[in-house]
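Here is a short tour to read alongside the model. Keep the sequence and the coordinates open as you go.

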Amino acid sequence: VDFLRSLFSRTLGLSPGEKVLDELTLDGVARYILSGKCKNIICMVGAGISTSAGIPDFRSPGTGLYANLQKYNLPYPEAIFQIDYFKKHPEPFFALARELYPGQFKPTVCHYFMRMLKDKGLLTRCYSQNIDTLERVAGLEGEDLIEAHGTFHTSHCVSFLCRKEYSMDWMKSTVLNAEISLLNYSHFVLLWMYFFLDIVFFGENLPARFFTTMKMDFPRCDLLIIMGTSLQVQPFASLVNRVSNSCPRLLINMEKTGQSEFGMGLFGFGGGMDFDSDKAYRDVAYLSTCDDGCMALAELLGWKAELEEMVKREYALIDSKDAKTKDKEANQSSRSTGAEAGKSDKTE
């Protein structure tokens, strides 16, 4: 085995890199971040970082999104996100979109931990599989994000002669608030034909920026933090292998995932993460919720109080903004009701 490992390593350039962490634990990761040698952190995140906000993940038995789609009468759960099915039956997706649409949920501790990495100049970029825009609500901006599977944040006219961008508020008020029924089905489909959410369905290509940016970001990454993803959807999952062979990789998740295929793991290189073999040298798995894992890491870094204060402050700002929005809507409704009453009096 040692001979074959050496032969494949020399032939394919897959030899293990330098060991950077002094131990393969969360403490070891924290010491590395504090050492000053870790300057470029990339986060890869999936649906698991938003579950504590009230948004279900996809694959958890019983509670995941795919386990609770019976009311849409789909041929199979994944069909709701497949472009061919959507073109024929758009109603289930838009009905689900209304349930999950931004504005109903607050970012989680995990989202604000990434914001803290940004504020401290450590976040190179966040690569997200999520379309819920909570990274943006938490304070990450477009340049900080690669929304690999698209986003609710914008929509575009599908005409090649137009491609005009439409805001999230416009899409919500124009399309997603519409009741989907046989009576307005034709109007609904007409809207879909011209205005399309900027999300990526199964069967569609990922945004070009995903591919161009990853070639720049991953070779210079000093620490890869993977959170709340099953690493089952390609090509996103393959990003874990884009960092250098010396780059430490931290997984914060409810279970281990992204591990090496048996053959590659046997020879000690390539094919994914290696947490447990005697050849493991850079991968750390911290099994917990994403919020608990981020708070534990923040505590080891001496950032816990700062993170707690950030979450408290940002939640207060969101609550204040929501209250003002509701007051404005109530006043508009009141004026509208008064105007209608006035018209009725004049008619009489």
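## A buried aspartate

The side chain of aspartate 291 has a polar atom 3.4 Å from the backbone nitrogen of valine 109. A second polar contact links the side chains of aspartate 291 and serine 52, at 2.6 Å. (A polar contact is a pair of N or O atoms within 3.5 Å; within protein, one must be able to donate a hydrogen and the other to accept it, and residues adjacent in sequence count only if both atoms are side-chain atoms.) This is a predicted model, in which local features need pLDDT of at least 70 and side-chain atom pairs count only at pLDDT 80 or more, while totals for chains, interfaces and linings use all residues. Residues are numbered from 1 along each chain as its sequence is written, and side-chain values use heavy atoms, with hydrogens and water left out.

Aspartate 291 belongs to helix α11, residues 290-301. (Helices, H or I of at least four residues, and strands, E of at least two, are DSSP runs numbered from the N terminus.) Leaving aside residues up to four places away in sequence, aspartate 291 touches Ser52, Thr108, Val109 and Cys110, where contact means heavy atoms within 4.5 Å.

Now to the strands. Six of them form an open sheet in the order β3-β2-β1-β7-β8-β9, with parallel pairing; two strands pair if DSSP finds at least two bridges between them. At the edges are β3 (145-147) and β9 (283-287), each pairing on one side only. On average, neighbouring strands are turned by 15° against each other, direction ignored. Helix α9 (residues 208-217) packs on the sheet and touches β1, β2 (123-128) and β3, its direction making about 145° with that of β2. Axes are lines fitted to C-alpha atoms, for helices over the stretch in contact, and angles run from 0 to 180 degrees between N-to-C directions.

Strand β7 spans residues 223-227, and five of its five residues are buried. In a regular strand the side chains alternate between the two faces of the sheet. Here Leu223, Ile225 and Met227 point one way, and Leu224 and Ile226 the other.

Five bridges pair β7 with β1 (residues 41-45) in the parallel sense, with isoleucine 42 partnering leucine 224. Towards β8 (residues 249-253), four bridges make a parallel pairing. There, leucine 224 stands opposite arginine 249, and methionine 227 opposite isoleucine 252.

## Backbone details in the loops

The loop between β7 and β8 holds proline 235, which a cis peptide bond joins to glutamine 234, with omega about 5°. Leucine 231 is found in the loop between β7 and β8 too. Leucine 231 has a positive phi of about 50° although it is not a glycine, and is buried at a relative accessible area of 11%.

Threonine 133, in the loop between β2 and α6 (134-138), also is not a glycine, yet has a positive phi of about 65°. Is threonine 133 buried or exposed? Threonine 133 is buried, with a relative accessible area of 4%.

Key
Buried < 20%, exposed > 50% of the residue type's maximum accessible area, 1.4 Å probe, protein only.
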